[in-house]
Each structure stands twice: as C-alpha cells, then as structure tokens.
Amino acid sequence: MNILAIETSCDETAAAVVENGVKEIASVVASSKDFHEQTGGIVPEVAARKQVEFLLPVLEQTLLKAFGTKSAQDQLDALAVTVGPGLVGSLIVGVEAAKALAFAWHKPLIPVNHLVGHIYANFINDPGIKFPALVLVVSGGHTDLVLMKSHGEFEFIGGTLDDAAGEAFDKTARILGIANYLGGAKLSKVAAACRVNTITGTLPRPLVDSEGYDFSFSGLKTAVKRLWENENLPVEVVAREFEDAVVDVLVAKASKAAQDFKVVSILLGGGVSANGMLRARMQKEADALGVSLYVPPVRLCTDNAVYIASAAFFNQNYPDLSTISPNPSLEITSNF
Ligand code: KG4
Ligand code: ZN
C-alpha cells in the first residue's frame, strides 16, 4: 500500500511516499528556517506564506522521485496529512491541499497527529517493535512520556510543566551566542568540544528526584544565563554542563517509567532525539535494564513526511473529508 503524506505543521514543508508504512520510496523536505533565523524566531505568517510557496514544488518533486512522473495518482492508495499540533496557518496549507487532492483523485485521506508521527520514525525499516513500549517524544514544542500499548493505543504518563526540552536547547543556544534560532544541534556540537565536564552538577537537574514523570526546563535556562553572565567559563564547558543536565533528567525519568510500567521497548522521537549524548546515554540505560532501545535515523528525527505516512499506515482511519480540519493544540493522546 503506497501512501503519499504531507507535513506542514511548522516551518518545514514535506512530502513523502512510503510503502506499507515501512519502506521509504521518496521524501522531500523544504524549510523556511533561514527566514526565521533572520528574525531570531518564527513569524507564523511568514511560515504560512512559505508553506504556500513550497508545497506544490515539494509535491511535484516527491512524485517525480517516487514514480518518475508527476501524474502518479494511480500508484497511490491513500493520502495522509498532519492535522496538528502546530501553527494554524501552516497546518491549513497542508490540510486543505491534501483534501483537495483526495477529492480530485478519489483517494481516502488519513489524518495524522504530528506527535504520533514522530514516534513512527522508529518503524521505518523496523516494523517488529514489541509492546508495551515507553515513548519519549522530545521536540521543540513537546516533552512527553507516553506508554504505547499497541499501534494507536497511547497513555500519557508525564510531560513538561513549562518549556520543552528542544525549546530549552534553543533558548540556551541563544543565551550562549551559539545560534539565534533552532540552535539545539549547534549547541550539541559546541558541547562536544568539552571532553570532560569540570563543572558537573553546577546547574540544577530539575525534578530529577521528584515523584511522577513530569519535567520542567524553564528554571534551567535561567540558571544557565546566570552562570554564563557571572562566571568566566568557556562556552563549550557551559554548553556541555547544560546538555548533561537535560540528558540526566530525560534519561532518569524515562528509566523510572520504563521500570514502573514494565515495558519491553523504549522509543525516542522528535528533534531532540537526534542528540548524540541522549542517544548514547539512553542506550546504556536500556542495556542495563535489559530492554530494547529504538532511535530513529538522525535525518528522520526532525520534521519530515516519512513518519507521517508510516503513522497513517499503522493507524488507518478514513473520516469523511469534510470533517478533517487543522487542530493546532492537538495532544499526543487526542483523537482528532
Ligand atoms: O521535532 P522537531 O523538528 O520540531 C518540532 O516538532 O518541534 O524538533 C525541533 C527541535 C528544536 O528545538 C531543535 O533545536 C532540536 O529539536 N534539535 C536538537 C538537536 N537536533 C534538533 N536538540 C539537541 N540536539 C540535537 N542534535
Ligand atoms: Zn516535530
């Protein structure tokens, strides 16, 4: 079964064709992040206008790559589209385009929750993941711990009370003068230059020993600012201590939840799951617990449409086209 998926939830415009939820046939991603870099943050209207500009070329390229022709509707069994969460203006572009194509081509359209999509980046090439699984979705807007009992069956365990992990990376990268916008990966590169963390424990590990599975990262960002402004420390040392603090908390909470809920697998998803330190530390922890760890290939951690097609395949539902609409505040366990 070939699914053509469209993803326009934020500043990436993406389309992909995936066979049976696991085999990537073609994937194209365009991004307006350079424009947001100039303004030091995303301007939603600019993001939406760029979605309009990029979507048709991205769709054309995807079909050409997959089938060698733009008129490939006969090769498709269904369409899929991200309906939320995200920026409403960006979401509308993808949702309405997908509905129009589904209508014109007489194809079913499967609505997909973007956060669930991030989880399915793990299923590309690896459909045999065993349940129950503990899922940690760490992105720019979310830090969610979820129990996945089977496909489409999710129980929310805990999440951030304030900033998301990716947001903390981005804000810290700005404080340290590393990058103006989406600086998580760059901060991690800077941190890698510090081989030994000589100030370990200087920053707080928020809620690390608390009951429950919630996170809080806004205080950490404030503590970084104080440390950076008051102590004369090299940037790579502060970046390393910040990264260690975030990873310590994420690994500790995921490990606690994995043990308490007796899972057999742990899955990472979302942009921050591209982080090398998080992947390595989580692997060590999973080995110690005797559970299998799954991490998406790095290029599928950040936003793309491959995992949207995979999520659609494993969670097929075909509501009437007229009922499909964007929902900017969809949560990971919400139905549409
Ligand atoms: O999932 P994503 O592409 O977009 C959202 O759905 O939010 O995640 C983007 C987030 C940004 O905060 C970005 O800085 C962070 O993921 N990120 C990283 C790394 N790569 C991306 N954070 C830490 N280390 C990385 N290597
Ligand atoms: Zn995302």
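In this report, Ala, Val, Leu, Ile, Met, Phe, Trp, Tyr, Cys and Pro count as nonpolar, Asp, Glu, Lys and Arg as charged, and the others, Gly among them, as polar. By this division, the shell around ligand 1 holds five nonpolar, eleven polar and two charged residues.

The model is predicted, and local features need pLDDT of at least 70, side-chain atom pairs count only at pLDDT 80 or more, and totals for chains, interfaces and linings use all residues. Residues are numbered from 1 along each chain as its sequence is written, chains are lettered from A and ligands numbered from 1 in the order in which they are written, and side-chain values use heavy atoms, with hydrogens and water left out.

**Ligand 1.** A residue is near a molecule if one of its heavy atoms lies within 4 Å of it; 18 residues surround ligand 1, and the closest are His-118, Gly-140, Asp-170, Gly-271 and Asn-275. Helices (H or I, at least four residues) and strands (E, at least two) are DSSP runs, numbered from the N terminus. Helix 4 (114-120), helix 5 (165-175) and helix 6 (184-192) each give at least two residues to this shell, and the largest share, three residues, comes from helix 5.

| Residue | Protein atom | Distance to an oxygen atom of ligand 1 |
|---|---|---|
| His-114 | side-chain N or O | 3.3 Å |
| Gly-271 | backbone N or O | 3.0 Å |
| Asp-303 | backbone N or O | 3.3 Å |

Taken alone, ligand 1 exposes 560 Å², of which the protein buries 87%, where accessible areas come from the Shrake-Rupley method with a 1.4 Å probe.

Donors are N, O and S atoms within 2.8 Å of the metal (3.2 Å for Na, K and Ca), and water is not among the atoms, so sites may look incomplete. The zinc ion (ligand 2) is coordinated by His-114 (NE2), His-118 (NE2) and Asp-303 (OD), at 2.0 to 2.1 Å. His-114 in helix 4 and Asp-303, in the loop between strand 10 (292-294) and helix 10 (306-314), are 189 residues apart, and the pair links distant parts of the chain.

**Backbone features.** Most residues other than glycine have a negative phi, and most peptide bonds are trans. A cis peptide bond joins Gly-84 and Pro-85, with omega about -5°, and another joins Phe-131 and Pro-132, with omega about 0°. Leu-182, in the loop between helix 5 and helix 6, has a positive phi near 45°.

Key
A polar contact is a pair of N or O atoms within 3.5 Å; within protein, one must be able to donate a hydrogen and the other to accept it, and residues adjacent in sequence count only if both atoms are side-chain atoms.
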